Amino acid sequence: MLPPPANFIGRKKQLVALERKAKEGGTRIIGLSGMGGIGKSTLAKKLAKNLSTLFPAGNIYLNLLGLAEEQISIHVQTQVIKALCRESLVKQENLQDDYQKILENKKVLIFLDNMQDVNQLSKLEPPKGCLLILTTTANNNSKSNKYTIDRIRPFDEEESEEYLSNEVA
């Protein structure tokens, strides 16, 4: 897992709310959407780091930048299976079932950075006990009992001042 920046600035209230949501146990997918450069990945990295000890079976980071829509679910499922099974060859014919079986009864955190097609979430939803965190530029404010995709807003004035003073220092 990639570490978050040493000086995490702003979004503390949002971070606490996301941590609470993840710890409640009902949410299996937490998504952060917004324009490029707004801080989605930084917030997601901090969230993943703060929650990492709750997922002792594994913490998996995948950067999906540049993957075509139709490749996303196959790529993610294959990489998760490889990471948890240490197998180099994954059979494509039972990929969805194998993905679910590998994650079943395990506590695994999966972080998908730069996911362009959130419509593939149904294929990637992990079983109970696991958590999938994703970032996307897709404009999708979705909520269900299984997942939430929250739109990241720009810093407010106080956060902007904190950020700028830290950058200048």
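A salt bridge is a side-chain nitrogen of Lys or Arg within 4 Å of a carboxyl oxygen of Asp or Glu. The legends below concern a predicted model.

**Figure 1. The salt bridge between R28 and E125.** In this view, the closest N and O atoms of R28 and E125 are 3.1 Å apart. The two residues come from distant parts of the chain, 97 residues apart. R28 belongs to the loop between α1 and β1 (29–33), and E125 belongs to the loop between α5 (121–124) and β4 (131–136). R28 counts as partly exposed because its relative accessibility is 23%, whereas E125 is buried, with a relative accessible area of 16%. Side chains of opposite charge can pair when their charged atoms come close.

**Figure 2. The salt bridge between K21 and D150.** The structure holds 2 salt bridges. In the one shown here, the closest N and O atoms of K21 and D150 are 3.8 Å apart. K21 lies in helix α1 (residues 12–23) and D150 in strand β5 (residues 147–151), so this pair ties together parts of the chain that are 129 residues apart in sequence. K21 is partly exposed, at a relative accessible area of 23%. D150, with a relative accessible area of 15%, is buried, because buried means under 20% relative accessible area.

**Figure 3. The aromatic pair of Y61 and F111.** The structure holds 1 aromatic pair. Its members, Y61 and F111, are arranged edge-to-face, with 5.1 Å from centre to centre and 75 degrees between the planes. The arrangement is called edge-to-face because planes over 60 degrees apart count as such. Y61 sits in strand β2 (residues 58–63) and F111 in strand β3 (residues 108–113), so that the pair links distant parts of the chain, 50 residues apart. F111 has 0% relative accessibility and therefore counts as buried.

**Figure 4. The largest nonpolar core, with L112 and L132.** In soluble globular proteins, nonpolar side chains tend to be buried together. The largest nonpolar core of this model has 24 residues, of which L112 and L132 touch the most other members. Two or more residues of this core are given by each of β2, α3 (72–85), α4 (95–103), β3, α5 and β4. Which residues does L112 contact, leaving aside its neighbours within four places in sequence? They are L62, L64, V76, L124, L132, I133, L134 and T135.

**Figure 5. The setting of the close-up views in the whole chain.** The secondary structure comes to 6 helices and 5 strands, which follow one another along the sequence in the pattern α-β-α-β-α-α-β-α-β-β-α. The radius of gyration is 16 Å, close to the 15 Å that the globule rule gives for 169 residues, so the chain is as compact as a globular protein of that length. Along the principal axes, the C-alpha atoms fill a box of roughly 55 × 30 × 30 Å. Of the 169 residues, 43% count as buried. Among contacts between residues at least 6 apart in sequence, 67% join residues at least 24 apart. The accessible surface comes to about 9300 Å², and 49% of this area belongs to carbon and sulfur atoms.

Terms used
Residues are numbered from 1 along each chain as its sequence is written. This is a predicted model: local features need pLDDT of at least 70, side-chain atom pairs count only at pLDDT 80 or more; totals for chains, interfaces and linings use all residues. Side-chain values use heavy atoms; hydrogens and water are left out. Rings of Phe, Tyr and Trp (its six-membered ring) pair if their centres lie within 6.5 Å; planes under 30 degrees apart count as stacked, over 60 as edge-to-face and the rest as tilted. Helices (H or I, at least four residues) and strands (E, at least two) are DSSP runs, numbered from the N terminus. Buried means under 20% relative accessible area, exposed over 50%, partly exposed in between (1.4 Å probe, protein chains only). A nonpolar core is a set of buried Ala, Val, Leu, Ile, Met, Phe, Trp, Tyr and Cys residues joined through side-chain atoms within 4.5 Å. Contact means heavy atoms within 4.5 Å. The radius of gyration is taken over C-alpha atoms; the globule rule is 2.2 Å times the number of residues to the power 0.38. Accessible areas come from the Shrake-Rupley method with a 1.4 Å probe; for residues, only the protein chains shown count as cover.
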